[in-house]
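Keep the structure open as you read.

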Amino acid sequence: MPKNEAEFKWTCKQCTYGNWPSATKCVMCKFDPRNSINKNHIAEGGNHENSERCHVIDCLGESTCEHQGSGDETSSSNEKNGEACSSLNKINKWPCSLCSYTNWTKSEFCVMCKTEKPSEFKLVESLRNIEKNEEKKEKNKFSSLTRGHKWLCVKCTYENWPKAFKCAICQHPKNKSYKQDDGQKNEKTCLNEKKTLKEKNSSYSRKIHSPKRSPPRSPNTISRNNSINNIFDISKQDDDKIMDIALSMEKITFPSENKRLNQIRNRMQPKDWVWLAACKGVADHDITAVSNYLALGGDRARQLSNEDVTVLNQPGRFEQGHTLVHLAIRFQREDILRMLLLPETPHRSRKRLPCHECPELATTIRKNVAHSIRSRKGEFGCPFFTELVTFSLPGDMLELPNSTRHQIFSEILDVDVKNVLEAESAINWSSELTNQYGSCLYPLWNRAAGDCLLDSVLQATWGVFDRDNVLRKKLHESLYEGYNKFYPRWKEAEQMQASEMNYTLDDQQWKNDWTSLVSLAATAGNSLEQAHVFALAHILRRPIIIYAVKYVKGFKGESIDLARFEGVYLPMLWDEDFTWKNPIALGYTRGHFSALVPMERPNYANYAGAGAHVEWNEDDAHVTYLPMVDHEGHLMPVHFLTLDEVGQEEKLLQKYFDCCITDGGILAAKQVITPRPHLVNQMIDEWINRYKTKQHIETFDMRGAAKQ
């Protein structure tokens, strides 16, 4: 051991213990000399020349250690001391000035003596937080800039990388208006491009008048539409009803001191409380509780378990193994027993549209539709409708009770189609159109076979199905007789699409494809394509707007193909004076078409004359505004255009539609609800009256049961 051993050690200021130079804290009292308040030298030797001096670490974590002397041991001890200082800097702890205990950075007070963290360490922490926030901002800015580098396909809206000259999905060439700066594009350019696109869609707003708010519209349109949307959300209503019943039952059956009973109560689900409410309702002669249980899909054959009897806590009235039928017989509830013994129908699977409730009237309407179709002699022998009819849901539905409206919507509307189209922002995406102008669209249920397109067209016009295949026969006739007009336009449109995908066909292949299209229209049950929609627009003599999903998805949710049906189909082969500017709207989701119909204001049928021959004023009619742009402001595609018509979509829409610009800058087409024909109005009245009669009978039975 060297003689000057004490010279290499440093003395602790608090306990005077001599520590080795490699020790960063005192071995006895854990005192850290680096954070001493007086910031003097740590240790002093016998002579000032041989003393060791170490400067304290400043608040930013930088340290300097100076050792005066000579020898290998001195240099090695200095290296060890520097390594210890750097390791402690990585830990980011702060020492307490009172008890010298080292605390973690997040601790605002000392764990041992509750002394507040020194202000200099708070400053260090705040500076580090500022640096972290700046790093996050730079990362977000970089990610936003990388998104701006991509270019948007005008056909399928897929975002492609800057070096791609064609879309990776649909092979559409890059937009010519896209400009690059060294192969990249910043976010500001993307925003300017979207802004110019919106200005382009509303460029001719000066030529088209804005929609007027017609006086006969319902005074409380916003609340009315909100109530309709709430009623239509069947699953949400069921959950709310179940929770209300469960809460009421929990209040009746108070928790007790029995631990087992409280455990059973905690394990019970809301539907279990609805079941117990029905059992208690049979005993108390409460027919409403039983009807709620059955309406919410409750099992009639469910038996009382031992736990159910324990929760009800009425051993003399309820026994294990009893069903609702047993309880109704035991307590002699004949009205409830009749309800329970009725044939059970699947919950929400039964669809009852007006044409189902009135089959004879629906058959007569289909015959009138067949007689109203005429054919014109000449070069273009396409059949056409002679009457302009637009179907809509009656506004009298809003005057019915909530339970009845709930049942009507579940029986006539396709909930799955509505959820898919609204999730894709294809319909009802504008609050201005749905709330302010009352232009909410509702998809009607129809057959899921290959006749769904023809069914949806007749539903959107006359409110019936094409069961007699009248419209299919006329469709085949139009494609066969109108070959000279349909085939050249179809071929030119298909050739433009084929050139975008870099492939060509010879004349014989084009003719074979056209022959297969005509044969599809001849056989019932065959799925139809875009050319058939284009032909139907000429048979109706009015435009057809299809709101569809962008991609066709598989059962696992993956995108398998592009859905090309979305867009506008114009009767361009007719003269402009021979067409109507009153469109119909259809929806398309994964191989299925649905009629999208609006809802009239209440008492509109009586206001419009109830089908009588009265003078009809268009200013008094119910007008629905159909958006001609998607939720991003892009103009909807117009199908089957020739090469000369490409780029003139706005002029064509103005020519074949009664267009307008809303206050929010949305381009919309007017759909005027014409007075219903006499037979259609009679079918609607009989259908809605059955619900009113049924509601009256149920109300009378409940009042009689309450009196008993």
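The notes below cover the model, a strand with its partners, and the cysteines.

## About the model

This is a predicted model, where local features need pLDDT of at least 70, side-chain atom pairs count only at pLDDT 80 or more, and totals for chains, interfaces and linings use all residues. Residues are numbered from 1 along each chain as its sequence is written, and side-chain values use heavy atoms, with hydrogens and water left out.

## Strand E20

Let's start with E20, which spans residues 667-673 and has 7 of its 7 residues buried. Buried means under 20% relative accessible area, exposed means over 50%, and partly exposed lies in between (1.4 Å probe, protein chains only). Strands (E, at least two residues) are DSSP runs, numbered from the N terminus.

In a regular strand, side chains alternate between the two faces of the sheet. In E20, Leu 667, Ala 669, Gln 671 and Ile 673 are buried on one side, and Ala 668, Lys 670 and Val 672 are buried on the other.

## Its partners

Two strands pair if DSSP finds at least two bridges between them. E18 (residues 622-627) pairs with E20 in the antiparallel sense over 6 bridges, with His 622 opposite Ile 673.

E19 (residues 659-661) also runs antiparallel to E20, joined by 3 bridges, and here Ile 661 faces Leu 667. The hairpin of E19 and E20 has 5 residues between the strands, and Gly 665 takes a positive phi near 85° there.

## Cysteines

How many disulfides (pairs of cysteine sulfur atoms within 2.5 Å) does the count come to? The count is 0. Cys 99 is in no disulfide, its nearest cysteine sulfur being that of Cys 110, 3.6 Å away. Cys 99 is partly exposed at 30% relative accessible area, whereas Cys 279 is buried at 0%.

Key. Helices (H or I, at least four residues) and strands (E, at least two) are DSSP runs, numbered from the N terminus. A disulfide is a pair of cysteine sulfur atoms within 2.5 Å.
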